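Thanks for coming. I have one structure to go through today, so let me put it on the screen.

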Amino acid sequence: MGPGRPVIEDFGGKVAVVTGAASGIGRGLARKAATEGMRVVLADVEPAALAEAEAEIAGLGAEALAVTTDVSNAVAVEALAAAAYERFGAVHLVCLNAGVFQAGVSWQRTEADWAWVLGVNLWGPIHGVRAFVPRLIEQGGPAHIVVTSSMAGMMTVAYSGPYVVSKFGAASLAECVAHDLVAQGSEVGVSCLVPGSVDTRIGWSERNRQAATGSEPPSEAQAPDHYFVRQALQDMTSQTGRPPDDAADIVFAGVRAGQFWITTMEEDGYQALVRGRYDALLDHALAPSTGFS
Ligand SMILES: NC(=O)c1ccc[n+]([C@@H]2O[C@H](COP(=O)([O-])OP(=O)(O)OC[C@H]3O[C@@H](n4cnc5c(N)ncnc54)[C@H](O)[C@@H]3O)[C@@H](O)[C@H]2O)c1
């Protein structure tokens, strides 16, 4: 049993906070939390979709609070935590899940491209940890954090530098926070979610970029590699992705089972990928790219 040890068996009556709750995996997590009898705080940067998600969760009979939040903004994430505590007095499950995708040859991507992806996918969870963990510790008793990384946080791939760097960062953040909590004898547990392909709008992430950052995505002429990788991601998630509700079931089962690494991949595929990476490291070799090279 590791730092992801089971700390919550019964979620009924407890409080969940989900970032990126307006779509995809986050929306699935919010629905799952509601059907487990939790009260749900939904955070997202896309206000209209967030309002729809809040109505859906309320329609399931759960108390819901929607807080428009840009997770790349520390002040906004602190305000999210304050709003959750003000409304419900406690939080027990925090899913730091919001994420965006941007591909491209690493040295050709602009500072704005890197800043957008690292801002949401890495600073988002960092801000979440800094805002919520002190409150979870102070409130006392069991609580759990789930950081959404990716298989791209365990393996590297061509043409996807910003995303891969952000997801390795999110995964190692989850590990470090878990170690810190164990070292301090805390009852707060941590899991790192590494989804395989899930049928969501991750391949259309740019829909929120300009409103959130003011920066435009690169044009197809500026970053053709971004566009073909994005197309491959759109095809993969829409054709082979699991439904987000399945992913959410897997997350809750993984938290209950005390898993630190929770994956939606088939077990044999997960094992083969992880072994392939660490075998290469033991051979002092560059680990194989999981695509495009
Ligand atoms: N779908 C997959 O196959 C897959 C695979 C691996 C990892 N992931 C990860 O799963 C997580 C959820 O993504 P998804 O696949 O459900 O995609 P999605 O686009 O359907 O949902 C992501 C949500 O995050 C929100 N968001 C974007 N920027 C934000 C910001 N600055 N602040 C707050 N919210 C913001 C979006 O509005 C959206 O509602 C992401 O971290 C993603 O990297 C997804």
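What you see is a predicted model. Its open sheet has 7 strands, paired in parallel, in the order β3-β2-β1-β4-β5-β6-β7. At the edges sit β3, residues 64-68, and β7, residues 261-263, and each of these pairs on one side only. From one strand to the next, the twist averages 20°.

Ile-145 has Val-190 in β6 as its bridge partner.

Now to helix α1. It has 12 residues and reaches 17 Å from its first C-alpha to its last, close to the 16 Å expected at 1.5 Å a residue. Is α1 enclosed or open? Of its 12 residues, 11 are buried, so α1 is largely enclosed by the rest of the structure. Among the buried ones are Arg-27, Arg-31 and Lys-32, along with Ile-25 and Leu-29. What do they pack against? The buried residues of α1 pack against strands β1, β2, β4 and β5, and against helices α2 and α8. Just after α1, Gly-37 takes a positive phi of about 85°.

That brings me to the ligand. Helix α1, residues 24-35, gives the largest share of the shell around the ligand, 3 residues. There are 33 residues around the ligand, and those that come nearest are Gly-20, Ser-23, Gly-24, Gly-99 and Thr-200. By class, the shell has 17 polar, 12 nonpolar and 4 charged residues. Gly-24, then, is one of the nearest to the ligand and is also one of the buried residues of α1.

Terms used. Residues numbered from 1 in each chain as written. Predicted model: local features only at pLDDT ≥ 70, side-chain atom pairs only at ≥ 80, totals over all residues. Near = placed C-beta within 6 Å. Helix = DSSP H or I, 4+ residues; strand = E, 2+ residues; numbered from the N terminus. Nonpolar A, V, L, I, M, F, W, Y, C, P; charged D, E, K, R; others polar. Expected span 1.5 Å × (residues − 1). Buried ≥ 20, exposed ≤ 12 C-beta atoms within 10 Å, placed from the backbone. Contact = placed C-beta atoms within 7 Å. Pairing = 2+ DSSP bridges. Axes fitted to C-alpha atoms, helices over the stretch in contact; angles between N-to-C directions.
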